[in-house]
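Visitor: I would like to learn how to read a model with several chains. Please take it feature by feature.

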Amino acid sequence: MASTDIATGTLERHGLSDDQLRAIFRNMLLQRQLDNRGFQLNRQGKVPFALGSEGHEALQAGAAMAFNRGLDVLAPYYRDLGLCLGIGLSPYEILLSIFARASDHNGGRQFPNHYSSKAAGLMSFSSILAAHLPHAVGAAYAIKYRGETGRAVLATCGDGTTSEGEWHESMNFASIHKLPFVMLVENNEWAISTPLAKQMAEPQIWKRAAGYGMPGRRFNGFDPIETYAAVKEAMDRARSGGGPTLVEGTCYRYLAHSTDDNDMTYRTREMVAERRKQDPVPAFEAVLIEHGIVTAGDVAAMRKSVLDETNEATDTAEMQPYPQPSDLYTNIYEGAWQPWQS
Amino acid sequence: MAVVSADSTVMNNVEAVRATLYEALKNDDRTVIIGEDVGARGNVFLITKDFVAEFGEHRVIDTPIAEASIVGIAIGMAMEGLRPIAEIQFADFIYPSFNQIVGEAAKTRYRSNGEYTCPLVIRTPYGGGVRGALSHSVSVEALFYHVPGLKIVAPSFPADVKGLLNTAIDDPDPVLFLEHKKTYRLIKGEVPNGHYTIPFGKANVLKEGTQLTVVSYGLYVHWAVEAARALQDDGLSVEVIDLRSIRPMDKTTILNSVEKTRKLLIIHEDNKFGGIGAEISAMVAEEALFHLDAPIRRLCGPDVPAMGYALPLEEEFMSSPAEMADAMREMVKF
Amino acid sequence: MSTRKSELLGFERHGLTDEQLIAIFRTMLMQRTLENRGFQLNRQGKIPFASASEGHEGVQAGAAMAFARGKDILVPYYRDLGLALGIGLTPYEVLLSLFARAADHSAGRQFPHHYASRRLGLQTISSVIAAQLPHAVGAAYAIKFRGEEGRAVLTTFGDGATSEGEWHESLNFAAVHRLPIVFLCENNEWAISTPLALQMAQPDVHKRASGYGLPGAVVNGMDPIACYAVIGEALRRARSGDGPTLVEAKCYRFLSHTTDDDDRTYRSRDEVTARRKDDPVPCFERLLVEHAILTPEGAEALKRSVLEEANDATDRAETMAYPAAGDLYARVHADGWEPWL
């Protein structure tokens, strides 16, 4: 739940304005709407694959609000729909990716959810867990190398990724060189079917920070304001030369890993239903209404606007052409692609 | 071959790498070198000796022992506008970074449809003949040349080292630059002064001949030329081609030669099965079958995991000029 | 924890008998002698390569004394000459490895100091740093899987190895499964030319243990008795099913990395000289003599005996045959080696 001061009943906003709070909420609604749209399209047989992020909405919207557009760099993973929207990607760009159209940023080559946008500072990444983290560290090195203050790299990953060797190597290098790098772990307790207890012996990931000589903290990832505060503190530290931070946001993965996963094979409905009580979307709605930042009418209007935007993006994107077969051969190298050169 | 003139300097392969890296650091502020022991130690072959004093620790970066992230961090630097030259201390240590090379660097431009690119050079010493045993002697080109999105070169002469390394440094795409460690100090040659590049995908005819085409690269190019010259005294005319560039590879030079000599012998140090020779053989069989008067032959490393530390094991693994001469003679006489 | 401080009071032996203390000292002497022998042979042009381990004698002899022969498994790295000797490898086997003879355990294939001995429980390793750690974890898993009590895996590595992804992955897995394994870091402060400050942001490797949910311990790596105690305790925990421990032994690398390295290019003579004051070999000799566990004559006799044994091993190993060229093709698979059938 959001950080409401019990005694006075006031909302701890950490400097966020009403507009910003509403923007955070809208982002959460949009994330959930687009998530669902992906699943719908898959069920309709229109797209072969979808991967959801329900449970991450507060974490991602809050983190996005702490990101400085045009300055910071984002190195996300494939469950960061909300974060990508929050830093400026449009629903249309999302749908182009889902539909794998030619005008998608990646020309329809990447899996859905593997967004990239040079303009938005969103680094291209693959499906390989943790492979993007050394890239994020390298980008942070470049920023520091050029003496650019006011810029930092926000890298994200799930709990599972923290077991990867490259997670460790990235944290180590970033800490040695005090790079402008923030490692945001979105701990949703599941790596496909692997629960936290099988992933690590110490379930509080932020505790590893001390071993790298960097600050670490944990926050409630179901609370977008607390998220914003934690990520902002870390990003500010990074931007001003204070070095890297490990921040861990706790949340939960409500859905299966993707449309190719059946989570009932490894957890129970009751387990998930119990955690649904913490669903950040209705929870934040309740907070905003309680503190008079939105009315029920506002929320209805927001939901409608989000749905309209999603529908329009869907319809337009669906009409776009696929890449041509000849597009297979472009952008392998800058020049010729044939391995045998005449 | 390098032109011998007043505007060139004699140096060995190590010196050629060193001189080229030095110029790259001097001429482009975006250039950084990243690897193990490249700073104070100056690289284990002294290639970057004194670089850190001149260019600073931020440009000549001593990394922790972490090969996956040496390449991965370099990729990130490249994506964010630097021009990193990563070093893997010995090719035998490259395997932890295999995913970063083939799954990430090779695909960056492709998967982002050109929005993100990866101008990265990965340099590594490879090859045997230095008593390096199981973990300091392997050849790795066959593992990587298969991968679209990578470029791979393996120069044998100092002049080629400089020209190809300059091309690699300028290349907007990832390049694996293979340096045969035995040639580091063994091979000397004239290197033109000043900046120049040699394009990828261009082989070099080291010695002309009419009765047999020999294609090779790396250390063995030198042995092959030695063997061919010895056979010359017996009246046998063998043409030796130095591939220099493995991906892309020079089709025209190979086919022109085969059409002339009508016989092809491929010699490489790497294991035979699935090595570079296999691709060359397939290409020539596809495109020049009726120009051949003999089956294509490959004289290559044996298909064992690596050369052992004991001298007889290393010698058994490696091919000598005498063995190469025997193979050449047999083919000419076929 | 320095045993020198307790010299004044007697010293903490942690249950070690005089014989054991002398055995520890002998292992340390043999390690130093054989290491020097490797360098000598290299300088004489008889062998192309040798690697160094001066400064590690205390931790390795202490660890070896805590190792349960016939039960435990050792997965070392290439600087563990003393550990290998301490668990039963003979000087002759070491010299066979230096000389790359056919009778060597690897039939002359491996670099020197890459020992393996099934009989001793010494697993085969490569030169690739940290690659052996997942193997050690797997061996520990096998032990636990079969329900074998009283057995543990001791795996060792340097400070540099702790930066490798595989180090991280290994500790994590061992912790999740509470495996019978001890991770021993021989922190000698140098990874070839990379000093600790460039290897990690905070210098205490053992402080990473809690992040993995493992206990961590630190010990003076120059003190063989302290090492015996701390490593012994960790091994006991592992053998009795209480899971893994990360032990950091702080020592120092007095020489260059190997005969192919020149440490004068990256560190000062003053630093090395200053650290020589902690040289574990003379320090332990002093301790034993001061506490009358050895007389000065006894110490000299021990050194002579060690030297004789080293010389004998050298002479015998040198006369042995190299592997035959055809041996290159043997033992690639269980049978056959040819890829085309």
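Predicted model: local features only at pLDDT ≥ 70, side-chain atom pairs only at ≥ 80, totals over all residues.

Visitor: How many helices and strands does chain B have?

Guide: Helices (H or I, at least four residues) and strands (E, at least two) are DSSP runs, numbered from the N terminus. Chain B has 13 helices and 15 strands. Its radius of gyration, taken over C-alpha atoms, is 20 Å, close to the 20 Å from the globule rule (2.2 Å times the number of residues to the power 0.38) for 334 residues, so chain B is as compact as a globular protein of that length. The C-alpha trace of chain B spans about 60 × 45 × 45 Å along its principal axes.

Visitor: What share of chain B is buried?

Guide: A residue is buried if 20 or more other C-beta atoms lie within 10 Å of its own, exposed if 12 or fewer, and partly exposed in between, with C-beta atoms placed from the backbone. In chain B, 64% of the 334 residues are buried.

Visitor: How many residues of chain B are in contact with chain A?

Guide: Two residues are in contact if their C-beta atoms, placed from the backbone, lie within 7 Å. On that basis 42 residues of chain B are in contact with 39 residues of chain A. The largest share of the chain B side, nine residues, comes from α3(B). By class, this side has 16 nonpolar residues (Ala, Val, Leu, Ile, Met, Phe, Trp, Tyr, Cys and Pro), ten charged (Asp, Glu, Lys and Arg) and 16 polar (the others, Gly among them).

Visitor: In what order do the strands of the open sheet in chain C run?

Guide: The order is β1-β2-β3-β7-β6, five strands with parallel pairing. β1 (73-75) and β6 (216-220) of chain C are at the edges with a single partner strand each, so one side of each has no neighbour in the sheet. Inside the sheet, β2(C) and β3(C) pair over six bridges, with C:Val153 opposite C:Ile181.

Visitor: Which backbone details stand out in chain B?

Guide: Most residues other than glycine have a negative phi, and most peptide bonds are trans. B:Arg247 and B:Pro248 are joined by a cis peptide bond, with omega about 0°. B:Pro248 is in the loop between β12 (245-247) and β13 of chain B. B:Asn113 has a positive phi of about 55°, and B:Arg262 has one of about 70°.

Visitor: Are those two residues buried or partly exposed?

Guide: B:Asn113 is buried, with 22 other C-beta atoms within 10 Å. B:Arg262 is partly exposed, with 18 C-beta neighbours inside 10 Å.

Terms used. Residues numbered from 1 in each chain as written. Chains lettered and ligands numbered in written order. Pairing = 2+ DSSP bridges.
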